[in-house]
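Reader: I am new to this structure. Please take me through the terms used for it.

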Amino acid sequence: NQKITILDLPFINTTQEKFNQELVKRLQKKLNTFIVTANPEIAVYAHDNPAYKQLIQQADYITPDGIGIVKASQMLNKPLTERITGFDTLTSLLEIANNHSLKIYLLGAKPEIIQQTVQNIQQKYTNLQLVGYNDGYFTDKQPIVADIKEKQPNIVAVALGYPKQEEFIARNRNISDAVWIGVGGSFDVLSG
Ligand code: UDP
């Protein structure tokens, strides 16, 4: 599948449906996977911050998260098929995890938000294994890293906002051969 480069970021050019199928395969093979769902703010921030740009260029997938990226691709005469958001991809991953009884770990958002998110997910997706979670306002990351390492989740959803979530993933993804994804404000939505 051809990538489409905007502001030096190689975006995958596919549909949510096909992307989900690819993720199922990678989950079955336990391939370590880093997904960046890049909205215009992230693309501009990366343009201005070379270190962050380098870090997200290491991702296995950069998806166009937002109509602004799709519009830009059209103006540049290299149109992206559709937008693939962090929220939709997280929802897809929850469904996949539920279908295949996979282990998922959630990191981020305020304490009361993450607790409500965990409750809502457990109620709706009774077959997935929610193996651990932590809020996103920690001072020492080591206990969290140790917890993820021990639980060996298949999926780690990190909601710390950018650039923190991508920095956390890039530095720690080696501790579990999971699909790691930065999901921005998704837990705030799922808690509602
Ligand atoms: N957040 C967090 N720890 C932090 C800063 C932010 O857990 O140190 C959470 C915040 O509570 C919210 C999410 O990260 O749930 C950021 O959401 P936002 O929509 O701002 O995402 P962004 O657009 O910044 O990626």
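Reader: How do you know how helix H1 and helix H5 pack?
Author: Helix H1 (residues 16-28) and helix H5 (residues 86-100) pack at an angle of about 45 degrees, and their axes lie 11 Å apart. Axes are lines fitted to C-alpha atoms, for helices over the stretch in contact; angles run from 0 to 180 degrees between N-to-C directions. Helices (H or I, at least four residues) and strands (E, at least two) are DSSP runs, numbered from the N terminus. This is a predicted model: local features need pLDDT of at least 70, side-chain atom pairs count only at pLDDT 80 or more, and totals for chains, interfaces and linings use all residues. Residues are numbered from 1 along each chain as its sequence is written.

Reader: Why are H1 and H5 called oblique?
Author: Angles under 35 degrees count as roughly parallel, over 145 as roughly antiparallel, 65 to 115 as roughly perpendicular, and the rest as oblique. The angle here is about 45 degrees. H1 and H5 are therefore oblique to each other.

Reader: Which residues of H1 and H5 meet?
Author: Gln16, Asn20, Leu23, Val24 and Leu27 in H1 meet Asp88, Ser92, Leu93 and Ile96 in H5. Contact requires C-beta atoms, placed from the backbone, within 7 Å.

Reader: What makes strands S3 and S8 a pair?
Author: Two strands pair if DSSP finds at least two bridges between them. Strand S3 (residues 33-38) and strand S8 (residues 179-182) have 3 bridges, in the parallel sense. In S8, Ile181 is the bridge partner of Ile35.

Conventions: Two residues are in contact if their C-beta atoms, placed from the backbone, lie within 7 Å.
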